[in-house]
Amino acid sequence: MPSVDGSPSMGTGSEAADSALPEEMQPPKPPGQHAVTVLWSFGKFLATLLPVYLAGYFGFSISLVLFGLMVYIGWKHSRNEKVMRLRSAMYLLENERAYTTARAFMSKQELPPWVNFPDVEKVEWMNKILQQAWPFVGQYLEKLLVETIAPAIRASNTHLQTLSFTKVNLGEKAMKVVGVKAHTEHDKRQVLLDLYVSYAGDVEINVEIKKYFCKAGVNGIQLHGKLRVILEPLIGDVPLVGAITMFFIRRPKLDINWTGLTNMLDIPGLNAMSDTMIMDAIASYLVLPNRLTIPLVADLHVAQLRSPLPRGVVRIHLLEAEELTAKDTVIKGIIDGKSDPYAVLRVGTQTFTSHTVDSNLNPQWREMFEVIVHEVPGQELEVEVFDKDQNQDDFLGRVKMDLDVVHRARVLDEWLKLKDVTSGSIHLRLEWLSLLSSADRLSEVIQRNRNMTCKTGDPPSAAILSVYLDRAQDLPRKKGNKDPSPMVQLSVQDTTKESRICYLTSDPVWEDAFTFYIQDPRKQELDIHVKDDDRALSLGSLTIPLTRLLASPDLSMDQWFQLDISGRIYINAVLRVLYLNEDASLASPVSPHPPSPGAGHGDGGTTSEVAPREVGGAPKPVPTRPQQTTPDSDFASEGVLRIHLVEASNLIAKDNFIGGMVKGKSDPYVKIRVAGVTFRSHTIKENLNPSWNELYEIILTQLPGQEIQFELFDKDLDQDDFLGRFKLNLRDIISTQFTDEWYTLNDVKSGRVHLVMEWLPTVSESARLNQILQYQAQQQYQNKAVPSAAVLFVYLERAHGLPLKKNGKEPKVGAEISLRAMSYKTKVCERSTSPRWDEAFHFLVRDPKEELLIVKLSHSWGQAMGTVVLPLREVLSEQGLVLDRWLNLNGALPESQILLRATLKMLNTQLAVCPSGVSSDTTGEGSEERDHVIHRRDTEPNLRHRSPLSQLRGDDGGEDVRSRVKPIEILPLSTCVSSLRGGQSPGQVKLQIGYSTEENRLFITVLSCRGLPACGSAKDSSDPYVSFILLPDKNRTTKRKTITKKRDLNPEFNERFDFDFTLEECMQRRLDLTVKNNVSFMSRERELIGKLQLDLDQIDLENGDTQWYDLVEETN
């Protein structure tokens, strides 16, 4: 390809002067020069015609010639433009003062930073130093390229063994610093400088590979950008600064003038690709979040400087736009059309693209994006809007905002006018999420995120995980005792990131940093895989549950970790909870919403509360809003019935064989019906004396005539068989408040059921909360129920000042009130911006210190009208545990509010104060009485037991002896049973069970066991393994088994098993799991250690569940 190096504009001054003289005054030319010129012109003409001749000679299509001509013209045009840009930049730097003076009053945007901004200073002394030292910088660069880089390149590849740098010249144009801005107001332990760097140099570097006769090089470079330099930490000793850190906040502008073979990179299409690749290489070292750190003193923690924690996270809500420019016009613009807008958001190297809204000049996106902010001030949010087209997308405007504004305001909800276009505005809501080093607010953050309704591919994050991968030691060698080239893959859920490769070493040093968004750290893990550079050979792996970080101080771990194969790895992992400060008031918009034509009442505008006037002109009095609710007198008068289904005995056998000649067993379960609500227990396979140990709670009103119905059935494949029933009167339970009885089944020959029932009145005493929570935490039930600590009564009366719909009509508003998984919906009011509901609801509350009440308003259960999130700890702080006032709505107008009463009442359970016995002088008597009670429960099931309340008094019911008793720790039922058996417990198993909706697959992970009994011949160990099957499974195709762990009573398996089931099929399955001791066929050692049966319909499969399960011994 021809070169432009010999263009006429590059001729010398003498040649130009000679050509300007008249022909008769020009000096005579040397002999033969004229002939050479003619021959050269003739050769160029032949070279031009040669491609046409060759195409015709070989029969090629003329289109190839035309294509080659187009490529050459495009290359020539791109090349000339690049040369002109380089010359213009050089001229500007050399004549900056004259250029500034000439253009000062023409365009303020073209002024350099030191002129335009008073806080940016000019540093000519620094430029003089750079100019003076530039030749020596060139000498150092030449030495570096020739003596260090070239030998490394030649050794890396056999094809590059003849590579050499034939010329290295930095030229005479030195880099310039056109302005410096110092930031000293943020941190007194550092100095932060912003250097506006500009380089338009005549650098010339040529490379040659003699083996292939290839020559390439660079002849001129432009580089412009803002370089941030941080001097930290400041120390009280020479050199006063511990280290220098530098990086570009945004990608600098780069332009390279190629020569030789690399001229090909100037071909249209390739030039953009090559510039992007070079900028990506620069960004991987010098553009945020990457930093170059140069330590100046010893014993400095460089990792914290090279990869510091982010300043925060900005959650960007891309809501909508208005009055965009129509680009899809018809008949060359005579008829206006529409646009197909989409938005591109950029913060540093983070880029996001919204979906496209077809044919709409007022699009609504309603999307959410999260960006990590490393530096404020400095980092900017840039939003560009484009019209989607088949060939090239049209520009619809852009906006920029420094994220320091969001940092100061915490929440910004603004309409911003699009720049560089005639019309258009975009609506953004920006939220600054602070990084908390404590997990106290984690549950509140996760609950808030679950209630977000933005259209987004990724759910909102509750935390971020920052991982600094430092180094590894003693990695295994490859075959042939060769050193590996290790790299690391770090994964959190579906996100995987890779480190750089350290070649040929068993002790690699990566010093790479990674950041992950975390949705729920209680359920997610960090997987680390060390591999060879081919990604096939594993050198070791490690899994760190994020719960370990939650349990560690400051939510961080900085230590060595052992890999599973061999070697160890050093990792610094830091978890930070993302918290939006609710107390921060919504900042007033910088650019207010553009008023629509005719905005007013009924036309999409908002009405201000101005007092209307009567006909005579006197102002009509405005009715005042009530400041408190007015519920009915019986509001918050309900109580709670707690039913503990313990066990049954002597049930009839329904699964008979050979026409009833051979008696079998039954698969019993219980249905409990009360106040229109039905509870169902899990099914126990083949057992006539089942033990359920399940808890149920329901909020009831004390109405006469209410009954509780219990029915037992035998689970069959076709129709379930009846095993008996009985009914109880609710009034009897309320009057006694506590019953612990065996009840005989009716309509069958035999069978009885053991129930513990308690009526829990509600009291407004927050002092009892800790005592109730302590009792609650000690209870364990087979259905994973947690006893409630309180009841929340909610009365939603009305709303005020709600926004109108976009068409100007008033909305039809309904409210959804939710707490945890329970939610209620009000009626939908007729069209009004001040609807009134007057409806009451109630919720069971496990822990008022942690839970949130959420009220969502919407138009006909569609368009959102606002949300209120009320932490129950605010109700706890109110007098009488009653909160009754107007609450502001989020995501609505500033004046939008709802009037609500929230009343919290504690459940007055007597079991939380149940005594262990009397004082030391009556210990024997108390123990004898308790033994007698247990004996009566086992031998006289039809007799009522005395209530624990009666045990607090003497036999005559006289003096209350509660002052003489001392409280005890109330143990779970499983603990009591194990103590009656001599203290031998089968142990526990930890399982992770969930369902992947993306893969339509059920997964069960057997993690570990603990507390297993010794079953081996050594009497102090076992060889455990886990086996399970998903019932019903006639062909045993779902049977799975883990590996055996030798001589381990607390084995860790970490084995995952997948099953291709639909979610509906999973809900019909039951997990039948056994932990066994691996014994030989002839051994007399005990094989079965413990069992677990678990119905999958009792687990939240879509969100997954990880917990410990108690093993039980095999029963007949």
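A search of the whole structure, which is a predicted model, finds 4 cavities of 30 Å³ or more. A cavity here is a set of points on a 1 Å grid over the protein atoms alone where a 1.4 Å probe fits but cannot get out. Its volume is the space filled by probe spheres set on the points. The largest cavity has a volume of about 50 Å³.

Lining residues have an atom within 4 Å of a point. For the largest cavity they include Arg315, Leu433 and Tyr579, and the lining divides into 5 nonpolar, 1 polar and 2 charged residues. Two elements each give two or more residues to this lining:

| Element | Residues |
|---|---|
| α10 | 442-450 |
| β25 | 568-580 |

Helices (H or I, at least four residues) and strands (E, at least two) are DSSP runs, numbered from the N terminus.

Helix α10 is largely enclosed by the rest of the structure, because 7 of its 9 residues are buried. Buried means under 20% relative accessible area with a 1.4 Å probe, counting protein chains only. Among the buried residues of α10 are Val445, Arg448 and Asn449, and these three also line the largest cavity. The cover over the buried residues of α10 includes β8, α11, β25 and α14.

In the protein there are 17 helices and 54 strands, and buried residues make up 44% of the 1116 residues.

Residues are numbered from 1 along each chain as its sequence is written. In this predicted model, local features need pLDDT of at least 70, while totals for chains, interfaces and linings use all residues.

Methods
Predicted model: local features only at pLDDT ≥ 70, side-chain atom pairs only at ≥ 80, totals over all residues. Heavy atoms only, no water. Buried < 20%, exposed > 50% of the residue type's maximum accessible area, 1.4 Å probe, protein only. 1 Å grid on protein atoms, 1.4 Å probe; cavity = no way out; pocket = protein on both sides within 12 Å on 5 of 7 lines; lining within 4 Å. Nonpolar A, V, L, I, M, F, W, Y, C, P; charged D, E, K, R; others polar. Contact = heavy atoms within 4.5 Å.
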